[in-house]
Amino acid sequence: MSRPESTTNSFSLALKALLCACCLLLCCGAVSTQAETIVVYHFNPESHSDRNLVLKNTFDQYFQVSHNIQLQPVDDRATFAALIANKPASLFIMSDWQYHQLESSNNDLTPYLRGIKDGNDTFRKLLIGKAPLSPQHATLAVSGTEDYVYSLLGSMRLNTAPLPMQQLRLLTVPKDIDALLAVSFGMADAALATENSYEKYELLYRNEYQLLKVLGTSTPQKRLVVALYRQHLPALQVALEALLDMSQSPNGQLGLKLLGLDEWTLLPTTQDRGGQL
């Protein structure tokens, strides 16, 4: 017959083994959960990146209530393009202009959602100043990246003489409202701003607004899209649905507002594409 102390030792060893096994299962579970986190990358050449931390915190607060999803803002176009080229199982929030820059080299990259503001999926950018611009040189206040700004200006319908593109100096500011203020206070000769920002400026700075004039108007620009690689759709369906539901909660509405949107809408689908522009 075994001695009592031997039975006690055996029970102790078995208990320790069980505890170790439980710890291993918990650790593996934590690693698995972390591995399944869906990343939503965001880059928008139409706006400045100084609010990326606020944007990330707001989106993450919304996502993490019931989803294992996180937003990852990207600071520059080259990094964003490199991320997309790796074809990860991720969502990409980008401008319509950026999508068309990338689609030819990323054939399976497909837009599934479109941003909506005031019931519209398009917007116009206005060139605004106090007087016609000098044909020799001008300072333009903008909230977007240089490549996007010059692309937009190249197709803009102007009410004045052609812009001095070679001598144009860009003054980068955080928001469209700041660009308009730069014109009002003599820091820039003109500004690029959306129609919505110009209307808001009238409400906030009525006296300054009265001195401004529209010098040019862009063609209608499509709003932000959410794109992904079609082979990853099953794994990313939950993240797409979370974005579609953003307008149903206060945190989600705040995140949409930071993107200049009211809601997302699902793009029409075709047989060979997940969405169409």
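Modeller: In this predicted model, helices H6 and H7 make a right-handed crossing. The residues in contact are Asp-176, Ile-177, Leu-180, Leu-181 and Ser-184 on the H6 side, and Ser-197, Tyr-198, Lys-200 and Tyr-201 on the H7 side.

Biologist: At what angle do H6 and H7 pack, and how far apart are their axes?

Modeller: H6, which covers residues 176-184, packs against H7, residues 195-204, at about 60°, and the axes are 9 Å apart.

Biologist: How do you know whether Asp-176 is buried or exposed?

Modeller: The relative accessible area of Asp-176 is 9%. Buried means under 20%, so Asp-176 is buried.

Biologist: Which residues does Asp-176 touch, not counting those up to four places away in sequence?

Modeller: Asp-176 touches Lys-125, Ser-143, Leu-192, Ala-193, Thr-194 and Ser-197. The C-alpha atoms of Asp-176 and His-48 are 9.5 Å apart, although 128 residues separate the two in sequence.

Biologist: What makes Thr-217 count as buried?

Modeller: Thr-217 belongs to strand S11, residues 213-217. Its relative accessible area is 14%, and the limit for a buried residue is under 20%; Thr-217 is therefore buried. Beyond its neighbours within four places in sequence, Thr-217 is in contact with Arg-124, Lys-125, Leu-126, Met-156 and Arg-157.

Biologist: In what order do the six strands of the open sheet stand?

Modeller: The order is S2-S1-S3-S13-S4-S14, and the pairing is mixed.

Biologist: Why do S2 and S14 stand at the edges?

Modeller: S2 and S14 (263-266) each have a single partner strand, so one side of each lacks a neighbour in the sheet. With direction ignored, neighbouring strands of this sheet are turned by 30° against each other on average.

Biologist: What makes S1 and S2 a pair of strands?

Modeller: Two strands pair if there are at least two bridges between them. S1, residues 38-43, is joined to S2 by five bridges, and the two run parallel. Ile-38 stands opposite Ile-69 in S2. Strand S2, residues 69-73, has a covered face made of Ile-69, Leu-71 and Pro-73, whereas Gln-70 and Gln-72 form its uncovered face.

Biologist: How do S4 and S13 run, and how many bridges join them?

Modeller: S4, residues 109-116, and S13, residues 225-229, run antiparallel and are joined by five bridges. Thr-110 has Leu-228 in S13 as its bridge partner.

Biologist: Which strands does helix H3 touch?

Modeller: H3, residues 77-85, packs on the sheet and touches S1, S3 (91-94), S4 and S13. The direction of H3 makes about 150° with that of S3.

Biologist: Across which strands does helix H2 lie?

Modeller: H2, residues 52-63, lies across S1 and S2 and runs at about 170° to S2.

Biologist: How many helices and strands are there in the protein chain?

Modeller: The protein chain has ten helices and 14 strands. Of its 277 residues, 42% are buried. The accessible surface comes to about 14800 Å², and carbon and sulfur atoms account for 54% of it.

Terms used. Residues are numbered from 1 along each chain as its sequence is written. This is a predicted model: local features need pLDDT of at least 70, side-chain atom pairs count only at pLDDT 80 or more; totals for chains, interfaces and linings use all residues. Side-chain values use heavy atoms; hydrogens and water are left out. Buried means under 20% relative accessible area, exposed over 50%, partly exposed in between (1.4 Å probe, protein chains only). Helices (H or I, at least four residues) and strands (E, at least two) are DSSP runs, numbered from the N terminus. Contact means heavy atoms within 4.5 Å. Accessible areas come from the Shrake-Rupley method with a 1.4 Å probe; for residues, only the protein chains shown count as cover. Axes are lines fitted to C-alpha atoms, for helices over the stretch in contact, and angles run from 0 to 180 degrees between N-to-C directions. A crossing is left-handed if the near helix is turned anticlockwise from the far one by less than a right angle, and right-handed if clockwise.
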